[in-house]
Amino acid sequence: MLEIGKVERYIHEKLKKEKLHFVLLDPDDVSPETAGKIAEMSEAIGVDAIMVGGSTGAEGEVLDSVVKAIKESSSLPVILFPGSHGGISRYADAIFFMSLLNSRNPFFITGSQALGAFTVKRYGIEPIPMAYLIIEPGETVGWVGDAKPIPRHKPKIAAAYALAGQYLGMRLVYLEAGSGAPQPVPPEMIALVKKVIDVPLIVGGGIRTGEQARRAVEAGADIIVTGTAVEKAGSIEKAREKLEELNSGIKEAVKNH
């Protein structure tokens with residue numbers, strides 16, 4: 001069996017005590033300078049990790065410079081969240097080695113993964129196997145990944161895919177409504193998925209307020225991913241306010257639960 005790496009161990013250790021908040025930065029949308037500032041702020045506020053990636057495939061120099069700026073500005077783990085096999089940077093700590101299980105195109109289930117595997121090995125990046133599920137509406141990532149989005153009112157389909165992902169050996173499950181989705185993943189779906197799986201559950205897409213983050217945690221999410229709400233805040237000061245609001249929603253939910 002593959003030995004669990006440092007970042008995955010960090011995630012599991014922290015989950016014993018609290019629910020986690022990861023901030024997702026898309027190199028297509030933020031400059032290295034802004035990414036560095038957001039990472040520094042995130043660490044000060046109590047965010048647990050920074051994810052870097054995007055559905056339209058930021059790669060090469062653009063990706064490297066953002067990852068390097070984050071590493072220089074904070075000590076939080078940097079986890080790659082690749083749109084495809086090009087989204088790999090040697091400067092990151094780990095990569096969500098994910099399979100888009102409800103894609104219609106085998107490329108996003110195993111093809112891109114095969115093309116990127118040797119690069120991950122060569123760079124010595126820690127791979128964390130993850131089942132990635134697109135929930136309606138799916139937004140850009142659903143379109144790019146040729147997904148058959150799981151209907152919002154069909155939690156049982158999401159639960160079946162999630163359990164299949166666990167049985168296939170994936171060590172995390174991610175429910176994704178899509179970056180900037182009008183509404184986040186429904187609490188009923190989160191609750192049912194959490195009930196059937198034994199691995200940590202990540203929820204992202206459309207979480208814009210502390211209240212939405214709190215509801216997702218109370219429904220059973222272990223890790224909340226936010227990104228667009230912070231990136232679109234308009235200024236660093238507003239980004240800080242938004243980050244604090246989201247982070248306290250996540251951390252408060254645990255105390256009250």
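Two worked exercises on a predicted model follow.

Residues are numbered from 1 along each chain as its sequence is written. In this predicted model, local features need pLDDT of at least 70 and side-chain atom pairs count only at pLDDT 80 or more, while totals for chains, interfaces and linings use all residues; side-chain values use heavy atoms, with hydrogens and water left out.

**Exercise 1.** Describe how helix α6 and helix α7 pack.

Solution. 
1. Locate the helices: α6 covers residues 155–167 and α7 covers residues 187–196. Helices are DSSP runs (H or I, at least four residues), numbered from the N terminus.
2. Take the geometry. The axes come within 8 Å and cross at roughly 35°. Axes are lines fitted to C-alpha atoms over the stretch in contact, with angles from 0 to 180 degrees between N-to-C directions.
3. List contacts (heavy atoms within 4.5 Å). P155, K156, A158, A159, A162 and L163 of α6 meet E188, M189, L192, V193 and V196 of α7.
4. Sort these residues: nine are nonpolar, none polar and two charged.

**Exercise 2.** Classify the ring pairs that F81 makes with Y132 and with Y174.

Solution. 
1. Apply the criteria: ring centres of Phe, Tyr and Trp (its six-membered ring) within 6.5 Å make a pair; planes under 30 degrees apart are stacked, over 60 edge-to-face, the rest tilted.
2. F81 and Y132 lie 5.6 Å apart, centre to centre, with 90° between the planes: edge-to-face.
3. F81 and Y174 have centres 5.3 Å apart and planes at 20°, so this pair is stacked.
4. Check the sequence span. F81 lies in the loop between β3 and β4 and Y174 in strand β6, so their pair ties together parts 93 residues apart in sequence.

Note on methods. Helices (H or I, at least four residues) and strands (E, at least two) are DSSP runs, numbered from the N terminus. Ala, Val, Leu, Ile, Met, Phe, Trp, Tyr, Cys and Pro count as nonpolar, Asp, Glu, Lys and Arg as charged, and the others, Gly among them, as polar.
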